[in-house]
Amino acid sequence: MSALALIFVVAGLGLIGWLTARARAASFELGGAKRLHSLPGQHGWYVAIWTVLPALLFIAVWSGMTPRLVQDAVLQHPAAAQLPAFDFERDALLAEAKRVARDRSATAFDPVAEQLVAPTRAAISYYGWIGAGVSVLLAFACGALAFTRIKARFKARTRVERGVMSLLLLASLIAILTTLGIFLSLLWESLRFFGQVPITDFLLGTHWSPQVIDANDPGKSLGAVPLFWGTFFIGAVIAMIVAIPFGLMSAIYLTQYAAPGVRRWMKPILEILAGVPTVVYGYFAALTVAPAVRDLAVMLGMPFASSESALAAGLVMGVMIIPFVSSIADDSIAAVPTAMRDGSLAMGATRSETIRKVLIPAALPGVVAGILLAVSRAIGETMIVVMAASGAANITLNPLESATTVTKQIVDLLTGDAEFDSPKTLAAFALGLTLFVITLILNIVALRVVKKYREAYE
Amino acid sequence: MNSPLPAQADRTPTDWNAPAMQKRIARRYAAERRFKLFGLAAVVLSAAFLAFLLATMVSQGWRGFVRTDVALTIDFKAAALPVDRAVLRTPGADLALAGAELENTVKGAAATQFGVGGEDAISEYAWLKVREAIKQDPTNLDRAVRIPVPASTRLDQALRGDGTAEAQALAERLKAAGLVSTGFNADFLRMSDSTDPVAVGIWGALKGSLLTMAITFLIAFPVGVLSAIYLEEYAPRNRWTDLIEVSINNLAAVPSIIFGLLGLAVFLGTWEVMGVRFGPILPRSAALVGGVTLALMIMPVIVIASRNAIKAVPPSIRDAALGIGASPVQVVFHHVLPLAMPGILTGTIIGMARALGETAPLLLIGMRAFIVQPPGGFTDPATVLPVQIFLWSDEVSRGFVEKTSAAILVLLAFLLAMNSLAIYLRNRFETRW
Amino acid sequence: MTEQTPKMSARDVSVFYGDKQAVKNVSIDIDMDKVTAFIGPSGCGKSTFLRSFNRMNDTVAGARVEGLVTLDGEDIYAPSMDVVQLRARVGMVFQKPNPFPKSIFENVAYGPRIHGLAASRSELEGIVESALRRAGLWDEVKDRLSDSGTALSGGQQQRLCIARAIAVDPEVILMDEPASALDPIATAKIEELIGELRGRYAIVIVTHNMQQAARVSQRTAFFHLGTLVEYGETDAMFTAPRMERTKDYITGRYG
């Protein structure tokens, strides 16, 4: 029986539990005018939850265990002896047998897989029926037990609501678990990496070439400084040179000068820039912007200019960040008390003078915080650099040359066919940890600044 | 500064009409105009960039929806394919026709009909179209039939005047013979990945996206909304709550690729605990692992949006319900949640749109497989639309450029629809208190 | 104070908001067939004290109640007391009308629904009608029960809130300045309504308007700076206050 069908059956049992418990509770009567503590429906929910929840938990655990059990059973079959020892091929054959076992209209191509179909089918149905039997039994037993507990004075509502509360608490703990999961898994893999490569080599080394790693001294070719520089150069310099003036000026124009109608239309249009998927920007950068930048470089007398220049990726990334900077600048400027602006205007300052000399300085902390957040987003951006930046790790100040970034290298390191424990793949986690820590610091600093700034005007 | 203020009389009154002052004012107005112009330029250039990007995609992508067909005449009677007619009505038809070398027959027909290089004029999957035609009407095998089959990329390029000299000549010849026709390429929406750019479609990737989004929604929405309820309505102010809040705010700003690393290490990693090998918890490359990873990524977005929506429900509603004896759980589920729902849904849709456009984390958890068959379920290997775009963008063959752009148009259409829905919900149901 | 057993009584009740003590050692008895008014200058703790009668202070973060409050002799702060049932027995009407953004019918029907007071739809409709009748609103809304409760005028909204409280069939109704957000005509209607409800329910009304207290109540308690200064028959209090502070307040020396 498939897990889905089983879930339906258990849900059906839950419904029966709900109905019977409700009917029973409705027949209760307390002497006199005293009201029941809980409504019949709440008694129903109490029984239904007890019927469904343990069974569902069992189904979840069981369906996680079944594939392994089935595989073990199939490997016991004599035909399994013919399976190749190599993991990948063996798994492919087993998967094929499983596919055919599930789908009766399919046929197996490999003779060994063909022989394994019948045992696989038998094992699947064997464990399937065990799972179905146990879960139905569990649902029935727990539901019946709960049913015996409902009485006229039973506080079903309190119980059910306590259950709801624990569910809510559980849900909110997932955020902590995720944060912890990210930090621990990155840390764990990074520690394994630093067991093989000295941390100083990684953080201070200036040579990055993971394609050729000297097995005796892997640290020699895993120096991440060029990546850090490339990330900084593309994300924090080139992209910001585009995003800051454009974002700031469009925010100023839209809040201070534009007619309300213009603002109402232009603001969402600019926000579309933030909604375009990064893979689209990456494609655009690689297809249109990068060749244009290369042609420009050739015109400037660089005949062998790279078509994967830092400039192309940085430019497009900057455009992507514009709405981000602009919306934060917008908020910061709006938070400056009108009295300040009026004061300046009343002295005969022009609007631009008021903006430049009063509004911007007053809004500066907010704007700076926004720029920090924008930088954190730019250095974490992946697809644009994966598609438009180069894999060559250079430390360069020339935007027309190629540079690579942390995110690009993470993708490159992990999408090849490398084994999981090599320094090469582990290096990706060390890079990830670095990225995580840096963006975290940027965010914390930015949020502090914003908070301080808000307090100043409240 | 204790020096006495200079007496007003010491200062000559400002002469606002003096030429120097007039010039200064003019200069200030010029600066004002320049500044305003800069602002306008920033807005216009940003919008122009967007327009340019979209125009580029449309100008290249529309060709992805158009297919050129060549009418190919095949004399099956002469070819006498060794196929049992009875099999053609059964599921074994595909295998039988493939075994009867139908592909070579079709290529041979093209070579004889179009002359030298004729087999290069039709797409590699032309024979599949012929197979469909035979399956639909098995009597086709007893006569000569004319079937429009997709042209190859080579011929297609040549027909646009952008091919090699011999392809160009062939194109002229076919056009003159009236064998070429173009029409809407429904296969692009029906088929999956292929090595032949003419034969590719987005359905496999789109289905992968839909399956992934389903998982993402089923996890992120309940978890996000429930944690928002807890934090906003019930959580006591203590260090734990602060920790949860800090976690959520930081998760919202963590680069997406980090979630890919998380998925790779936690869901796809293997551990050894006391000699027993565990994991991977979830199947690699599948919609399930992609959906879970993206759910963790957008959950903070949903939590933050939901909290704001819940916060906007006035406390007097809660008082009113409490005052007649609703329990705290009833207050939230009967009153607060329904009133906050439009805001919550808006935030959820925006988060889902973000997940739908996301690529980087999915690359790391193996959702970049070459998917010829649409995934059948949540645990089958799958890819998603943005990853498909990424994969096609890497292809060398020129025919992939327009397909990539066409796929981008489809993706943008979905995102546009979702965002419009969010805006509509916000405007339609948002209540001001 | 009286021979009959009080419906509710408070003994040495103090309410704290964090470190701040808002109500200091107040003891008072509320009788069944009387309207009791709490008066006093704003910030004197009268509303806070009122909210300790149905444990609405529980919903305020950092609030803490000390002392004993009983309903029919039962300690309402006892762990065995179910706060939900308590609030069904002790209803509340708030300062600002706060109907749910639902239909008029749903507003009144909500309480009976969650407490399971009606076995059938027709019984529920009966409860809603009689609550609206008793709140004096039936004739005005009987043809538009499916309109939103928020579409009514302020005074109608407040009477809807009273109907909503009555529909749960409470024993005590607490009213926290129920007319302060209303115009004089709507206020008069509410006061008239309070007079009609007297006898059926024990009513406690907080007001900053002394004329209102004099018009609607039989008992008056005067609060100042968190303490109960004087408590007695309304007529006596307004004609011959025993305490100097009461006299100063009533005569408008401060407020």
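Buried means under 20% relative accessible area, exposed means over 50%, and partly exposed is in between, with a 1.4 Å probe and protein chains only. At 37% relative accessibility, Arg113(C) therefore counts as partly exposed. I will come back to that residue with chain C.

First, the conventions. This is a predicted model, in which local features need pLDDT of at least 70 and side-chain atom pairs count only at pLDDT 80 or more, while totals for chains, interfaces and linings use all residues. Residues are numbered from 1 along each chain as its sequence is written, chains are lettered from A and ligands numbered from 1 in the order in which they are written, and side-chain values use heavy atoms, with hydrogens and water left out.

I start with chains B and A. In contact, meaning heavy atoms within 4.5 Å, are 68 residues of chain B and 75 residues of chain A. The size of an interface is often given as the accessible area lost when the parts come together. Here buried area is the accessible area, taken with a 1.4 Å probe, that two parts lose on being put together, summed over both. For chain B and chain A that comes to about 6,300 Å², with 80% of it on carbon and sulfur atoms.

How many salt bridges are there between chain B and chain A? The count is one, where a salt bridge is a side-chain nitrogen of Lys or Arg within 4 Å of a carboxyl oxygen of Asp or Glu. The pair is Arg28(B) and Glu353(A), at 2.7 Å from N to O. Eight residue pairs are in polar contact between chain B and chain A, both residues being at pLDDT 80 or more. A polar contact is a pair of N or O atoms within 3.5 Å; within protein, one must be able to donate a hydrogen and the other to accept it, and residues adjacent in sequence count only if both atoms are side-chain atoms.

On the side of chain B that touches chain A, the largest share, 20 residues, comes from helix α1 (residues 19-61) of chain B. Helices (H or I, at least four residues) and strands (E, at least two) are DSSP runs, numbered from the N terminus. By class, that side of chain B has 49 nonpolar, 14 polar and five charged residues. Nonpolar covers Ala, Val, Leu, Ile, Met, Phe, Trp, Tyr, Cys and Pro; charged covers Asp, Glu, Lys and Arg; the others, Gly among them, are polar.

Now chain B by itself. Its domain assignment gives domain 1 (69-183) and domain 2 (203-432), and such bounds come from an automatic or database assignment. The C-alpha centres of these two domains of chain B lie 45 Å apart. Helix α16 (residues 385-393) of chain B is mostly covered, with eight of its nine residues buried. Among them are Leu385(B), Phe390(B) and Trp392(B). Chain B also has a network of salt bridges linking Arg67(B), Asp69(B), Lys129(B), Asp187(B) and Arg190(B).

Next, chains C and A. Twelve residues of chain C are in contact with seven residues of chain A, and the two chains bury about 630 Å² between them, 41% of it on carbon and sulfur atoms. Arg157(A) forms a salt bridge with Asp82(C), the closest N and O atoms being 2.7 Å apart. The elements of chain C that give two or more residues to the side touching chain A are α2 (83-89) and α3 (104-115). That side of chain C has five nonpolar, four polar and three charged residues.

Within chain A, Ser166(A) sits in helix α5 (residues 156-196). Ser166(A) is 46 residues from Val212(A) in sequence and 53 Å from Val212(A) in space, C-alpha to C-alpha.

Last, salt bridges inside chain C. The structure holds 40 salt bridges over all chains. In one of them, Asp31(C) pairs with Arg219(C), with 3.1 Å between the closest N and O atoms. Asp31(C) is in the loop between β2 (20-30) and β3 (35-39) of chain C and Arg219(C) is in strand β9 (residues 219-224) of chain C, so the pair ties together parts 188 residues apart in sequence. Both Asp31(C) and Arg219(C) are buried.

Back to Arg113(C): its side chain meets that of Glu106(C) in a salt bridge, 2.6 Å from N to O. Glu106(C) is partly exposed, at a relative accessible area of 25%. Asp139(C) and Lys142(C) form a salt bridge at 3.6 Å, N to O. Asp139(C) is exposed at 59%, whereas Lys142(C) is partly exposed at 39%.
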